[in-house]
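The walk then moves to a sheet, the overall fold and the ligand sites.

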Amino acid sequence: MTDFFAQLDSQHTQKHLPSLQTPLGERSVYDSVAFCNRCGSCQQVCPTYLLTAEETFSPRGRNQAIRLLIEGKLNLSRNRPLLKAMADSCLLCGRCTEACAGKIPTAEHILELRRTLQTKTLPPLLHKLLSWRNRRPKRFALCIRLGWMIRRLGVIRLLRTLGITQLNALSWIHHADDILPAPAAGLFKNPFWSTKTHAPEKPTFIYLPSLEAEFLMPDLGAAVLKQAAQKQHVLVWKNFSSGLFEYIYGDLRQSRRLLYRLIRRHQQTAGGKLPLLTDSIDVYLFLQKAPQLFSRWPKKKQQAQLFVQNLRFVTDILPKTPLRRIQSGRIRLDKSALFSCEGKPFETAEKILKTQFRKNFVECSYKNADTPAFGYSFVQRHLAHSIMMQNVQNIARTQTGTVFTLSGLSALELNFYLKRFYPTAKADHLVRLHG
Ligand code: SF4
Ligand code: SF4
C-alpha cells in the first residue's frame, strides 16, 4: 500500500510525500509507519509523553493511530479532534527517531497527518505574516520594521496593559513581545536591512541568513558574517525563503516550489559549486531533505542531491582553536531542532564545546528536554511552558552558566525563561562563542 496519505487525500496528491528518506533507506510513508513494532523504546525520550503519560501523546501511540487510519479502523472525520491534538502536540523534535532501532521518522508521519487534516496550526494572523516572507518579501520586511518601530514607541506595552493581547487571536503578539530582545536604537542599523548588497565580484561562499538572523537578531547575522568573511568572499542572499515554513505549517507544493527556486538559483551561481551556509539548524536539516521532496521527479531529485552536497552549517566555519578569553562557568549544548538531534552539526558543536570548556561542559541525559523548536509555544502554550520549565530546572540543577543553541529562535525562547526563573544563566547561539 504505497502513497497512503495521497490516497486518503486523493484530491490533493501533490500535497503529500510518496516516500521518505530514512537513515535506513527510502520507504513509502505506509511502510515507514508499519515498521513500528510497538517496542516502546522511544517513550521515555518523548517530551509530550513524559509530561502527559498518555499513550496518545507518545511516538508509539501516534504511529499506531496513523496505522489504524491506514487500515480503516479509525475514521478520519469522526476522530478529527483527537488526531489534530496528537499531531499539533508533537514537537517534531525527532528524539523518538534517535531512540528507535528502526530509525522511524515519526515527525514526518505527523507532518503527513497534518497535511491530511488540512488545518492551520499557527494563529491565523501570524501564519499570514510569515507566509508573506515568500509571497511578498518586501511587504514582509516592511511589516517587521514597522513591528519593531511600534514596539519601540511602547504601543505593544500599552496593548498589554489594556489586556488586548490576551485575546485569543492576538496572544501570539504577547508571547513574541516576551521573547524578542528590547528594540535597541542600533537595531535599525541592521546591515541586512540596508539596500547595500553583500555581493563580492568573485564569491566563494553563499550565506542564506535565517529569518531571525536577518530580522530579529542582527548580532547573530553579524557574527556569522564575521566568521565567514575571515577566509571567504561571502555573497548574502537576503530575504530568501527556504520553504521550511511551508513544509511545517503550509502547503507542501509551495514548499517544493520555494526549495526548487533556491536550488535553481544556487545552480545558476558559479555553476552550483559554491558552499551554501545557514545559521539555523532547522533550515539546515530541512534543506538536507531536498531529494525527498522531489522523489517523483528523477531529474529534480538529482539536482537536489547535488545541492545537498554543498550545504554547510555554521559549525563548519567556527575556528577549532581555543578561545583567547575563556568564559567561566559551566556550559551545555541545547540540541533543540526540528526532525533530528543527531548528525554532523550536533557532533561538531559538541566537539567544539568540549575542546573549549573541557570539564565545564555539562553532558545531558537522554531524558533532558530541549527548547521546543520555533512555533510550538505559539500553538501549545501550556505544554511548551512545562517543557521549558523542565529545561530551566535541569540548567539550574547542573549550575550551568551558558547554554549554547544551534538556532537563534531557540536562544530567544530559552533566554526569556532563564531571565525569569534562573537569571544567572543565559542562552546564545553557538556562533557567538567567538563574539
Ligand atoms: S517508533 Fe520505534 S522505538 Fe517507538 S515503538 Fe515504534 S519501533 Fe519502537
Ligand atoms: S517528534 Fe518529539 S514530540 Fe513528536 S513523537 Fe517524537 S519525540 Fe515525541
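V234 is buried, because 22 other C-beta atoms lie within 10 Å of its own. The cut-offs are these: buried takes 20 or more other C-beta atoms within 10 Å, exposed takes 12 or fewer, and partly exposed falls in between, with C-beta atoms placed from the backbone. This is a predicted model, in which local features need pLDDT of at least 70 and side-chain atom pairs count only at pLDDT 80 or more, while totals for chains, interfaces and linings use all residues. Residues are numbered from 1 along each chain as its sequence is written, and chains are lettered from A and ligands numbered from 1 in the order in which they are written.

V234 sits in strand β4. Helices (H or I, at least four residues) and strands (E, at least two) are DSSP runs, numbered from the N terminus. In sequence, V234 and L259 are 25 residues apart. In space, 21 Å separates their C-alpha atoms.

Strand β4 belongs to an open sheet of four strands, in the order β4-β3-β5-β6, with parallel pairing. Two strands pair if DSSP finds at least two bridges between them. β4 (234-236) and β6 (311-313) each have a single partner strand, so one side of each has no neighbour in the sheet. On average, neighbouring strands here are turned by 30 degrees against each other, direction ignored.

Now take the β6 end. Strand β5 (residues 276-278) runs parallel to β6, and three bridges join the two. T278 stands opposite F313 in β6. Helix α16 (residues 281-288) packs on this sheet and touches both β5 and β6. Its direction makes about 155 degrees with that of β6. Axes are lines fitted to C-alpha atoms, for helices over the stretch in contact, and angles run from 0 to 180 degrees between N-to-C directions. Contact requires C-beta atoms, placed from the backbone, within 7 Å.

Compare a residue in another setting. A396 is found in helix α21 (residues 381-397). A396 is partly exposed, because 14 other C-beta atoms lie within 10 Å. A396 and A425 are 29 residues apart in sequence, and their C-alpha atoms are 8.1 Å apart in space.

Step back to the whole chain. It has 22 helices and nine strands. Its C-alpha trace spans about 60 × 50 × 50 Å along the principal axes. Buried residues make up 42% of the 435. Of the contacts with a separation of 6 or more, 73% join residues 24 or more positions apart.

Which residues are closest to ligand 1? They are C36, C39, C42, R60 and C100, out of 16 that surround it. A residue is near a molecule if its C-beta atom, placed from the backbone, lies within 6 Å of it. α4 and α6 each supply at least two residues of this shell. The largest share, three residues, comes from α4. The shell around ligand 1 holds eight nonpolar, six polar and two charged residues. Ala, Val, Leu, Ile, Met, Phe, Trp, Tyr, Cys and Pro count as nonpolar, Asp, Glu, Lys and Arg as charged, and the others, Gly among them, as polar.

Ligand 2 is surrounded by 15 residues, with C46, P59, C90, C93 and C96 the closest. α3 (47-52), α4 (59-70), α6 (95-99) and α7 (106-117) each supply at least two residues of its shell. That shell divides into 10 nonpolar, three polar and two charged residues.

Note on methods
Contact = placed C-beta atoms within 7 Å.
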